[in-house]
Amino acid sequence: MIDTNKTFSWQLHTILVMVLLILNLVDYHTTDLILTIEGNYEANPLMNYVIIASGMMWPILAIKLGIIGVMWWAFEIAVEVSAYLYAILAVAIATYTGVVARSVHYCLENGLL
C-alpha cells in the first residue's frame, strides 16, 4: 500500500525530478524550434530514429514524460532512498543543464527564441 503521507510531498527527489522535467520541456521546445525552422537533425540517435520513424515530434515528449514519470514513481514507492541515487540524479541534472543551455544559446543566437 502507498503511504499517503509521502505521496505528492515536496521531498528532495520530487524537487529534483521536477527540475529534470522542466529541463526536458525546455529541451523539447528548443529541439522542436531548431528542427522545424532550421531543418537540422536531432543529435541523439535514438530520438532521431523516433522522429524519422514516426514523422512527428510529439512521441519524443511522450517518451521523455514517461521516463520522468517512472523515475518519480520509483522514488515515491521506495521505502528508503540511498544518497548515491540523489547524487546520480544531481549529476544527470547538471549534465542535462549543459545540453539544454547549449540548445537555448543556439536558439537565442539564431533568433529562434
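1. Let's start with His13 and Thr14: their side chains are joined by a polar contact of 3.5 Å (a polar contact is a pair of N or O atoms within 3.5 Å; within protein, one must be able to donate a hydrogen and the other to accept it, and residues adjacent in sequence count only if both atoms are side-chain atoms). His13 sits in helix H1 (helices are DSSP runs of H or I with at least four residues, numbered from the N terminus). It counts as buried because its relative accessibility is 0% (buried means under 20% relative accessible area, exposed over 50%, partly exposed in between, with a 1.4 Å probe and protein chains only).

2. A word on what you're looking at: this is a predicted model, where local features need pLDDT of at least 70, side-chain atom pairs count only at pLDDT 80 or more, and totals for chains, interfaces and linings use all residues. Residues are numbered from 1 along each chain as its sequence is written, and side-chain values use heavy atoms, with hydrogens and water left out.

3. Thr30 is another H1 residue, and with a relative accessible area of 1% it is buried. A polar atom of its side chain lies 3.1 Å from the backbone oxygen of Asp27. Leaving out residues up to four places away in sequence, Thr30 touches Ser103, Val104, Cys107 and Leu113 (contact means heavy atoms within 4.5 Å).

4. Now for helix H4, residues 83-109. Buried along H4 are Leu89, Ile93, Tyr96, Val100, Ser103 and Cys107, and their cover includes helices H1 (12-38) and H3 (58-77).

5. From Glu109 to Ala43 is 66 residues in sequence and 19 Å in space, C-alpha to C-alpha. After H4 comes Gly111, with a positive phi near 70°.

6. What about the cores? The largest nonpolar core has twelve residues, among them Leu16, Val17, Trp72, Phe75, Leu89 and Tyr96 (such a core is a set of buried Ala, Val, Leu, Ile, Met, Phe, Trp, Tyr and Cys residues joined through side-chain atoms within 4.5 Å). H1, H3 and H4 each supply at least two of its residues. Val17, neighbours within four places aside, is in contact with Ile68, Trp72, Phe75 and Leu89. There's also a second, separate core of seven residues, including Met47, Ile51, Met57 and Ile60.
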